[in-house]
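Hi everyone, thanks for making time for this. Let me put the chain up on the screen, and then we can walk through it together.

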Amino acid sequence: MRGLLASSIGVTCAVALALPLTSPAAAARPVPAAEPRGAAEALGSTQSLPLAPLASRDRTLAPGAAEQGLPRRDVRHFSLVGVIWDDPDTVLHGSVQVRTRAVGADTWSGWQDLETHNDDAADPGTAERTSGRVHGATAPLWVGDSDGVEVRVRAEADRRTEDTARGSRTATASAPLPTGLRLELVDPGESAPAPGTREAAPGAQSAAVRRSAPAGARPAAAALRSAPTADPVADLATPEADTDAANAGLAAPGAAEIPALDRARTEQELFALRAGELTKQQRAKPYIGPRPRIVTRRGWGADETLRERTFVYTKKVKAAFVHHTASGNGYRCAQAPSLIRGIYRYHVKSMGWRDIGYNFLVDKCGNIYEGRAGGVAKPVLGAHTLGFNTNSVGIAVLGSYGSTKPPAAVVQAVARLTAWKLGLHGANPKGKTTLKSGGGNLYPKGKKVRLNVISGHRDGFATECPGRKLYGKLGSTRTTAARLQGR
């Protein structure tokens, strides 16, 4: 997500004509070795390739202007691409473009832009942020199954001069590029499609969103209680068991989804979860939306060995921040689990985070997915809104919504999810709340900020996320979520 920084320039989303193919000698380069997969080959891999200076004939660049990249080359299969660099606090002032070749094809795509300001991050001073493993990064881009790639990273010109008599325009200076630029090519691996994940016609609510649970489904009160803040889960046999245990009472161990509940059973679950915390008024009139169907981490095929073993919790959920992943809209909903696995691997292996940053993800058909591990009903601390991860939940819509209108199924799914998740903590989707900033480019550390209970990423950080078109739908999202809560 691109930050609104005065020194940065917009990247034009245009498709350039394909350049001539490289020479036979260049095409015969050996394929770089992928990250070792061992016996679990289907779980995915990452190729990390260093970028090098490029010779450019582009006269709009200043002499000696910074430009790095990678010429066209054959690589192992990948579906998601991003660029990282050494210092997470360094901003890349410039443009990053890639073009790819689909597996089995002879032609190359046009140049595609990567969002250079990826503003999702853990809060300053937290262990996740100060681990020493974190990198700066672009947003990832979904390109589909590919085996050829070319990339160029161009520094932004600080100032330009124009010769009107000659009709030429040349840059006279450029900002330096970050050090340690690397191209990350992510193969998300293979996994069976999540049960019930459906394609929906544009503007239609997905059937999966409307499904309800079997009549006999009942919550287990003891299993639903939140874990203490920042406390690791008790020792269990495997990471997969840890993840299942965090959702105990909502779904059976190994389940691919948490089923939807009707209003009455959702209220019973709320009483079980927060029995000793509800006021007399809340017990008499609980405001909570019916629990929606949620595809679990098992459902989208998460490799639980990638993430850090323990879970970290915040105290409560006072606000929801809505994001888009800026990864493009060229995916089918049946591919959403693969896209999520790709983002998960990119966040952990390439960017150095403890887990995927978002608490939940929503595809363009309205399917809802569990994000960061720790339990969908619990206040899991995420890495989604720099400075405001504490006491909030991050919901990311898969895709780019700066100029693309989100389908009705997306808006409905976000409303259903927030009506339930915020209702667990008594928050009014149409209300306001106060959060203390952990530090960012919009509010200094320690400042108390009054925000909408359902906010866009840009409300807490200077960024274009969640995209102009999706941000414009937050008003109707608040209204629908409040109605679903019975307000």
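What share of the contacts in the chain with a separation of 6 or more comes from residues 24 or more positions apart? It's 78%. Please keep in mind that this is a predicted model.

For the overall picture, the chain has 11 helices and 19 strands. There are 487 residues, and 55% of them count as buried.

Now to the inside. The largest nonpolar core has 35 residues, and Phe360 and Trp420 have the most contacts within it. Two or more residues each come from α5 (263-273), β13 (319-324), β14 (360-362), β16 (392-397), α9 (408-423) and α11 (474-484). Helix α9 gives the largest share, eight residues. If you zoom in on Trp420, you'll find it in contact with Phe360, and also with residues including Thr266, Ile288, Pro290, Ile294 and Val376. Apart from this core there is another one of 31 residues, among them Leu306, Leu339, Ile343 and Leu398.

A quick stop at helix α4, residues 239-246: Pro239, Asp242, Thr243, Asp244 and Ala246 are buried there. The buried residues of α4 pack against α7 (297-300).

Next, a histidine I'd like you to look at. His457 sits in the loop between β19 (454-456) and α10 (468-471). Is His457 buried or exposed? His457 counts as buried, because its relative accessibility is 0%. Its side chain makes a polar contact of 3.3 Å with the side chain of His323. Leaving out residues up to four places away in sequence, His457 also touches Asp119, Asp120, His384 and Cys465, among others. Cys465 is itself at 0% relative accessibility, so this cysteine counts as buried.

Last, the covalent link. How many disulfides does the structure hold? There is one, and it joins Cys333 to Cys365 with an S to S distance of 2.2 Å. This pair links distant parts of the chain, 32 residues apart: Cys333 lies in the loop between β13 and α8 (336-350), and Cys365 in the loop between β14 and β15 (368-370). Both cysteines, Cys333 and Cys365, are buried. Why do we call the disulfide right-handed? Because the torsion about the S-S bond of Cys333 and Cys365 is about 95 degrees.

Key: Residues numbered from 1 in each chain as written. Predicted model: local features only at pLDDT ≥ 70, side-chain atom pairs only at ≥ 80, totals over all residues. Heavy atoms only, no water. Helix = DSSP H or I, 4+ residues; strand = E, 2+ residues; numbered from the N terminus. Buried < 20%, exposed > 50% of the residue type's maximum accessible area, 1.4 Å probe, protein only. Contact = heavy atoms within 4.5 Å. Core = buried A, V, L, I, M, F, W, Y, C linked by side-chain atoms within 4.5 Å. Polar contact = N/O pair within 3.5 Å; in protein donor to acceptor, adjacent residues only side chain to side chain. Disulfide = S-S within 2.5 Å.
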